[in-house]
Amino acid sequence: MSFGTAVAGPLAIVVSCPVLVSIFYFTVTYFDGSLLLFAQWMLSAPALYVARNVLIPPLFPYDGILPAIHYDGPCVAPIIHAFLLAAGFLAFEAVLLVILPGSIFEGPVTSTGYTPKYKSNGFAAFCVTMITYLVLGPWLRIISPTLLYDNWGPLLFVVNVSALVLCTVLYFKGRYSPTTPDFSTTASPVFDFYSGVELYPKLFGFDMKHLIICRFGMMLWVMASVSFLFTQLEYEGTVHNSILVSAGIQAAYIGKFFFWEKWYLCCMDIQHDHFGYMLCWGTMVWMPWVHSLQTLFLVKHTIDLPDKLAAAIFCVGFIATWVNYFADTQRHWVRQNPETKIWGKKPQLICARYLSDDGKGHTSILLASGWWGVSRHFHYLPDLVNTFSLTLPCLFTRLLPWVHFLYLLILLLHRTSRQDARCSAKYGKYWELYCKQVPYKLIPYIF
């Protein structure tokens, strides 16, 4: 690997991303979502003041409305409160993972012969989590409906630090006490920290990919968006249709995710990506805070869309969510039963033979019918439509609400090329044949 790939690139991401997420939150919360206003304040205020308030806002409370310079001393109470809140949420989701009923299913066998096992109770956990919040918060008011919104800044600091600590623990654990034989290191510790050492690390008996990605990151994302909706209700006395549409699409999307969690845990990314900074920090911090920027922005930006437009946006986002689901299930059905009809017809299949690292022969089914006859990575297309739809209620007055969509667009375009290269190396001539039958990577006639 080159120096840029092995050290410079990963190091730049590891250092810059926690700062970037803090700036996003800070700008939406205190500067009307305007990066220009934030930049003007940053250039006019003392550098130390900017750094300490952006990076560690709960320790350095503001004197009134920014950009005041007065400082009354550190205040650690919000940090302690946020830590207990984050730890309690993680513990709650871990308990649900253990106690809720669900069948045990196996993920794909790794090249070393390890078979990951998971408990299929994601949708039940999603429902219990949502009902618990709605009952204890908006209904009984045992907890504040605005709990997450009021603590979103302190929580960002706590989860940011906690995620970095966990990444460090996983790095050293992978090097010296791996859970399975599926681990690897390079000559660059920076790259290993970023990409991960272990494929399926476990701590305290929990599969980290399952607990952190699904039950912490995805669940915190939806809880934040729903909490922000009720925050607007508390502050404004009403809920505007813009935040209702955005939060509604997000809830439908994540509800679909947990309904489909079993298949997600068998997808190519989970099979191949090791669990390091990219996945661990990315799903603990980037996902909940960046993916909920739209609803955070809409709490104070009370946008009323025409009713027909709001309904149309919601329908497009909702339909895109379920097109994504049906695309994934088509592939699953065919792998379970190759005789399954797709869109009423016998599917076009390629039986791709390949060798695993241990020299054993295997066969995979490549589906070239239904949604998978449209493009080779079709399931990413409705993801993009869904994210565009849940962002559109923010309109185009600010860039920050669109960060999620722009990031996802870049990520998925890169991922399609990365997965094409991986499949080409794995399947060889069979992948060439598949590419001839399905010539488009993502968007028919365009890409």
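Modeller: Helices here are DSSP runs of H or I with at least four residues, numbered from the N terminus. The model is predicted. Start with Ser292. Ser292 sits in the loop between helix H13 (277-290) and helix H14 (293-300). Its relative accessible area is 0%, so Ser292 is buried. What does Ser292 touch, leaving out residues up to four places away in sequence? The partners are Trp152, Trp221, Ala224, Ser225, Phe228, Gln250 and Met287.

One of these partners, Trp152, leads on to the core. The largest nonpolar core has 103 residues. Trp152 is among those with the most contacts inside this core, along with Tyr264, Trp281 and Met284. Helix H9 (residues 208-236) gives the most to the core: 17 residues.

Now Tyr264. Residues up to four places away in sequence are again not counted. Tyr264 touches Ile213, Cys214, Phe257 and Ile270.

The surface gives the contrast. Val76, Ile80, Phe83 and Leu84 form a nonpolar patch there. Together they have about 400 Å² of accessible area. Val76 lies in the loop between helix H3 (47-55) and helix H4 (77-99). Val76 counts as partly exposed because its relative accessibility is 48%.

Definitions and conventions
Residues are numbered from 1 along each chain as its sequence is written. This is a predicted model: local features need pLDDT of at least 70, side-chain atom pairs count only at pLDDT 80 or more; totals for chains, interfaces and linings use all residues. Side-chain values use heavy atoms; hydrogens and water are left out. A nonpolar core is a set of buried Ala, Val, Leu, Ile, Met, Phe, Trp, Tyr and Cys residues joined through side-chain atoms within 4.5 Å. Buried means under 20% relative accessible area, exposed over 50%, partly exposed in between (1.4 Å probe, protein chains only). Helices (H or I, at least four residues) and strands (E, at least two) are DSSP runs, numbered from the N terminus. Contact means heavy atoms within 4.5 Å. Patches are made of residues with over 30% relative accessible area and no salt bridge: like charges are joined within 9 Å, nonpolar side chains (Val, Leu, Ile, Met, Phe, Trp, Tyr) within 5 Å. Accessible areas come from the Shrake-Rupley method with a 1.4 Å probe; for residues, only the protein chains shown count as cover. A salt bridge is a side-chain nitrogen of Lys or Arg within 4 Å of a carboxyl oxygen of Asp or Glu.
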